[in-house]
Amino acid sequence: MKKRKPIAESSEWTFEHLDAYETELARIAERYRLDTYPNQIEIINAEQMMDAYSATGMPVGYHHWSFGKQFLSTEQKYLRGHIGLAYELVINSNPCVAYLMEENTLTMQALVIAHACFGHNSFYKGNYLFRTWTDASAIVNYLLFAKNYIAECEERHGVEATECLLDSCHALMNYGVDRFRRPAPISAEDEKRRQHEREEYLQAQVNDLWRTIPKKEKVKVEEWPRFPSEPQENLLYFIEKNAPLLEPWEREVVRIVRKISQYFYPQRQTKVMNEGWATFWHYTLLHTLYDEGLVADGFMLEFLQSHTNVIFQPAFDSPYFNGINPYTLGYAIFSDIRRICEQPTDEDNRLFPDIAGSDWLDTVHHAMANYKDESFILQFLSPKVIRDLKLFCILDDDNEKEIEVTAIHDDSGYRRIREELAEQYNLSTQEPNIEVQEVDLRGDRSITLRHLQHDRIPLSEDDAKEVMKHLHHLWHFDVHLETMLEESVTSRFICDDESVRIVTGEKAVQTKSKAEV
Amino acid sequence: MAFLIIDRRPNGKHKGAVNRQRFLRRYRKHIKEAVADAVNKRSITDTDRRDEISIPRKDVSEPQFRHGKGGRQGHVLPGNKEFIAGDKIARPTGGAGIGGSGGTASNTGEGMDEFVFELTQQEFLDFMFEGLELPNLVKKQLKDTEAYKLIKGGYTSDGIPARLNVVQSLRGAHARRIALSGAIRRRIKELEGELKTLGEQAESEDRVQEIKIELDRLDRRLNHIPFLDDFDLRYNILIKQPIPTSSAVMFCLMDVSGSMTQDIKDLAKRFFILLHLFLKRNYQKIDIVFIRHHTVASEVDEEEFFYSRETGGTVVSSALKLMEEIVRERYPASDWNIYAAQASDGENWAEDSPQCRDMLEGSILPSVQYYAYVEINSSEDQALWHAYEEILEKYPDRFAMRKVTDSSDIFPVFRDLFERKSA
């Protein structure tokens, strides 16, 4: 064995050390074909980290009270010792900015450099969702544009009005994404230039849609085409383009919130993969450093302890249980892919004939690049991981008295667990499925949303009522939300100028037919 | 591979300060109530300590469409120990259990009813004293003023580029050019006139040539006069002018007589601590005079005022007399805005109360801007209260009196006494 020549012996970090680690890790990462954006490492203190938390990690952002709330809440938990702050925070931009906490030890800094600057960074650059939906080089500029635009709105229209508008947009933020359509990437430079024309053009379009001057040839009411001709899943987009009374600047603000929501959408869809990938690589990279004799035994012990904490998964009945730890699950799957490639068992040969015995590096890169959490779990969650984590499946049916255990880690259960777990990461079933169904163009101008209920899971009523009010604030006319269960309307929220009320059963259907007349 | 390591620590802290302010502004009503609550509950010594503020969570929630409880929901959980497929488990009671944790429940701790956070001390005091002021702060004077304003004081030929006055400079340059070129231009005019008359006669070739050379020379001289010269430059000059500021003094009169039990004294001190904090915070330049009295009154320092344990009988007028003396000696009413706050249990020597009334009416009230009396008393009205009621009728705008029975009254009464009156 080679004699060890560690990069550093102390546990206090210096800038030279960070530099040295970065250089070595970059060299090893290249060997593993990790393709990254250039790294920009920024050392910050606790308060700055809390700032970063409340701005979703972004270096610039528009002002809004909800970010202040986030900050206060983080600060409170941190000061009381309920939570530790993250060791690092990394954002999907080019160059890739990684924030490192000043109080990390040198070992931790090396770990987070490997984790963030090579793990997350290469994920951002390689995964198909990020490649299609986000433009890493434009995001910071776009956020800057958004910040300035909203500051300008505050100046022109008042802080209060702007804040109310943002509140309403935020309430619909999760419904401001295109789930299925492929987007044109956002381009920040164009944004400002195009914004003015868009304003005027858009307003003209809207006016035309809502024109009340009768056309020469009288068209019968029934012959008016349905609008929108197909249900629309992107509520904010629909509002931006079609809300009758919004001012041009309000449309632009809706658009900003929508764009930002779209930018974060891939992150919400790849939590397990992203963390798993980064954890897998910090583990692999630091072990390679050790094998090359560049770090000492003490370093490895400290690192392994942190690593173990990161991937700790409390059992469901533990007081520390807070859902499935994405680090654990993701790391377990990626490690297992490597194992299946290198040491396949009979079970693996039977279940994963495509990857068993293949080149592990090719396979993990392929998995990273082409999947999101849902499909990743469906494709790669192996019985071994299910056994290791002792996963089991329960069914909570409110028609039954008791909760039923439907599957455990045995031959008959693997498939079901895999499917259910994948479903648990499918955003389109985790969030209520709500679409714009119809706008009553010729009548009371009300908009009707449709909630397609699945497995009888209801909407949270209190939340839905509040969101309806926000929607009304944007639409300015009555808002209906009908819940559909198997082809029939079971309940209906109606929000008019004064209040939100809920009607159920027969009445819910009737109200709809009235609206159609 | 290009990379960059930046030390951001020296960069601005408080990047999120605006958002924090936005939040505080949005919930100012809630926070104000919480602050008032907190002040009431405190022990006297840490009235100004910052505190946790809690707001009902539903008031700060940001709604989203989300799933409620019910229907058929499947969950995958880790750490199975003894279950096998087909087992039935009783549904856990009370909200989050097995079912709630894996699914859509928000990760911000749905179970908590209160949104709790901490204000900085600065923010805490801001909320505490918001909307309060010393009434009738009107007398202004120039003595030992520290405030100046800069006013325009004409122009000077010397100064920094930022103060350059372009109009004055160009006007000066214009005048100089006119003055320096006058003689030359007059000569040019003469010569041009001569040239015109000569031009008709053929024999004057030489003279014409001569004149042309001369004109040429004059033109060059004219061109040599600079458009703008150093000594044309004029700079604005600003001079400092003292502005009248208001100077104010607050007299704190506290009864420490034997009838004041420890509890009552605590309440009185609470009141004065609030007052002290308020004045120190909102008025940079204010004198505070502490007077404590039993049968005799003495002027004491802050420390002694709040912590000394000396006690005795009661003669309230002694304090008023001392105040009057101090005003006469050190705080002439013509220059000073004088304020007084008096706290007592209202028990006084029987003959003394009318005397107090007379003193207040006769010499003190005419010279003060505002006089606040706080009676700390759980029993019925005392002689002093009755005596003061007569004064209240005559001077409703500069005299105020309130009654306090327990510690939760202190802050509301304090706010009430110093509430900013809408102009």
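Mentor: Axes are lines fitted to C-alpha atoms, for helices over the stretch in contact, and angles run from 0 to 180 degrees between N-to-C directions. Helices (H or I, at least four residues) and strands (E, at least two) are DSSP runs, numbered from the N terminus. The model is predicted: local features need pLDDT of at least 70 and side-chain atom pairs pLDDT 80 or more, whereas totals for chains, interfaces and linings use all residues. Residues are numbered from 1 along each chain as its sequence is written, and chains are lettered from A, ligands numbered from 1, in the order in which they are written.

In chain A, the axes of helix α16 (residues 373–380) and helix α18 (residues 414–424) come within 8 Å and cross at roughly 170 degrees. The two are therefore roughly antiparallel, a term for angles over 145 degrees. On α16(A) the contact is made by A:E374, A:I377 and A:L378, and on α18(A) by A:R418, A:E419, A:L421 and A:A422; contact requires C-beta atoms, placed from the backbone, within 7 Å.

Next comes the sheet. It is open, with 4 strands in the order β3(B)-β4(A)-β5(A)-β4(B) and antiparallel pairing; two strands pair if DSSP finds at least two bridges between them. The edge strands, β3 (72–77) and β4 (88–90), belong to chain B, and each pairs on one side only. Between β4 (residues 392–397) of chain A and β3(B) there are 6 bridges, and A:D397 stands opposite B:R72. Helix α18(A) packs on this sheet, touching β4 and β5 (402–407) of chain A together with β3 of chain B. The direction of α18(A) makes about 105 degrees with that of β3(B).

Note on methods:
Parallel < 35°, antiparallel > 145°, perpendicular 65-115°, else oblique. Contact = placed C-beta atoms within 7 Å.
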